[in-house]
Amino acid sequence: MSSQPESLGQLATTDNARWFAEQVQPHESALRAYLRGRFPGLPDVDDLIQETYARVLRAKLAGELQEVRPYLFAIARNAAIDLTRRSRVAATDSLGNIEQLSVVEDRPDAAETAAHGQEIEILHEAIDALPPRCREILRLRRFHGLSHQTIAQQLNISANTVDAQLCLALFRCRQFLLLRGVSRETLASVPAKTRA
Amino acid sequence: MPSTNSHPATPLPEPTEMEAAALTWFSRCQSGLTEEQETAFQDWLAADARHAALFNELDGTWELLGRAGEPAPVAAVEAPAAAPHRRFHWARPTLPLAAAAALAVGYLGWWRPAHYSGETATQIGALRTLSLPDGSTVTLNTDSIVAAAFTPGERRIRLERGEAHFTVAKNPERPFIVEAGGVSVRAVGTAFNVRLASKAVEVLVTEGKVRVDDAVSGRSLLAAPAGVDPAVLPTLGHPILGAGQKVVVAPEAKQPAAAGIVATAVSSDEMQRELAWRERRLDFDLAPLSEIVAEFNRYSRHQLVIGDPVLAEKRFGGSFKPDDQVGFVRMLQENFGVTVQETETATVLRAGP
């Protein structure tokens, strides 16, 4: 991915820029949603979208591009798979270099988390306001990391009920944030870094 | 989307059709999509720009929920004010019984995720999961104590007593290190179980890979490279313990001249049994009664004692509730004719006539 800013710059002629703005960019939020849904463990969706754009531009210049949307999703998917492989190798490598890495100062994800202190406070209220059973199911799933199946067994309810209650909890929490003035854009742009 | 700045007191509305669809897709994505579903998901996203926006909002909310963790319980005990700012030094837990206070210390650290320290203890018979500010979770078994010291460069946990399972949030630049009985287990993003037994330290990896080192010298305690994928070893430069592998570190293994410990492979059935405690179960597959009794005794002050060497060797299997000592003893009495003698602090078991 290191060559990508350069190539993006070279490729940004007026024609290409217009094509890009009209044909590619409108798909960005769908692309983001797709990557988040299909590859929930990915550390950085933004990087991946940049990489996808670079590949799409290259394909356009090479005359390989017919229809944008299906191609865009296919490229994003491949890029995500590549990245997953690469980050596995990177994680393995870094095990050998732990001493060197532990001197690195302040991580950006710490600042990122602190930046959402307000939202987190609101969420604590939202959680408290949930119906007790719904809250319990959310607690077991999101904070204790239990599977839907395990929760269903423990509470002696069906897996469908667990799903439905989790959906309700998530919906109520989002609603609560919106009612308290958190914008939809803020929510949609929370980078997903840590997942259960 | 209706105006979002209406009164907080307005009753919360039900999801619209579109919101319900977004919730359904989010839920499906969490359990993994089939190829067919993936195509349908793409189509749904492409059908209307609002679909993707909604999906991203739900994903953002879910993520924030993970960072929020559980709302702090109303602490009955004042937590020491110095705790959240303490930088990298081990705060020794005063008493395992002060679990409530210890938990409150943990929650105070919540808002300063780069620097965090806290201790948590569980009483005999308790089971508790604690979310750490980096998104990792620790599940503590009965009668256990952990202390955490997080700095921007590393996440360090000390298991002072008992047993814990760690699910580590991936962050290759901030290693997650668990110290127990002079053994240090290092991970970047993985899940593993550490048990501090009376003499040995047991490490079982459920996911990913860890290093197992002497906590003082940093020397690896593992044998290389048996059981390790040779393709991985050269890039690592360090022996590792992989998923489904277990080592038991006895005190002798920490001698400088000691040979590296060879990892044992743990079948998935066996792994489930070893980790059943997280779901408040004790699972055994034809284990000697002495072993089963020792497990039960970790969960209760009232102890079981086997007064009969033949009975101690008898093997039993099954799934038990660790807090149901009475039910277990009754089962032995009724189905296996074991006789029981009660004293004030113990139940003595003997083979029947």
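## Ground rules

Helices (H or I, at least four residues) are DSSP runs numbered from the N terminus, and the expected span of a helix is 1.5 Å times one less than its number of residues. This is a predicted model, in which local features need pLDDT of at least 70 and side-chain atom pairs count only at pLDDT 80 or more, while totals for chains, interfaces and linings use all residues. Residues are numbered from 1 along each chain as its sequence is written, and chains are lettered from A and ligands numbered from 1 in the order in which they are written.

## Helix H1 of chain B

Let's start with H1(B), residues 17-31: its 15 residues reach 22 Å from first C-alpha to last, close to the expected 21 Å. Just after H1(B) comes Gly32(B), with a positive phi of about 95°.

Glu19(B), Ala22(B), Leu23(B), Trp25(B), Phe26(B) and Cys29(B) are buried in this helix (20 or more other C-beta atoms within 10 Å of a residue's own, with C-beta atoms placed from the backbone; 12 or fewer is exposed, in between is partly exposed). They cover an arc of only 165° around the axis, which puts them on the same side of H1(B); the arc is that of the directions from the helix axis to the C-beta atoms. Glu17(B) and Ser31(B), on the other side, are exposed.

## Helix H11 of chain A

The 21 residues of H11(A) should span 30 Å, and the end C-alpha atoms are 30 Å apart, which agrees. Gly181(A), which follows H11(A), has a positive phi near 90°.

Conventions: Helix = DSSP H or I, 4+ residues; strand = E, 2+ residues; numbered from the N terminus.
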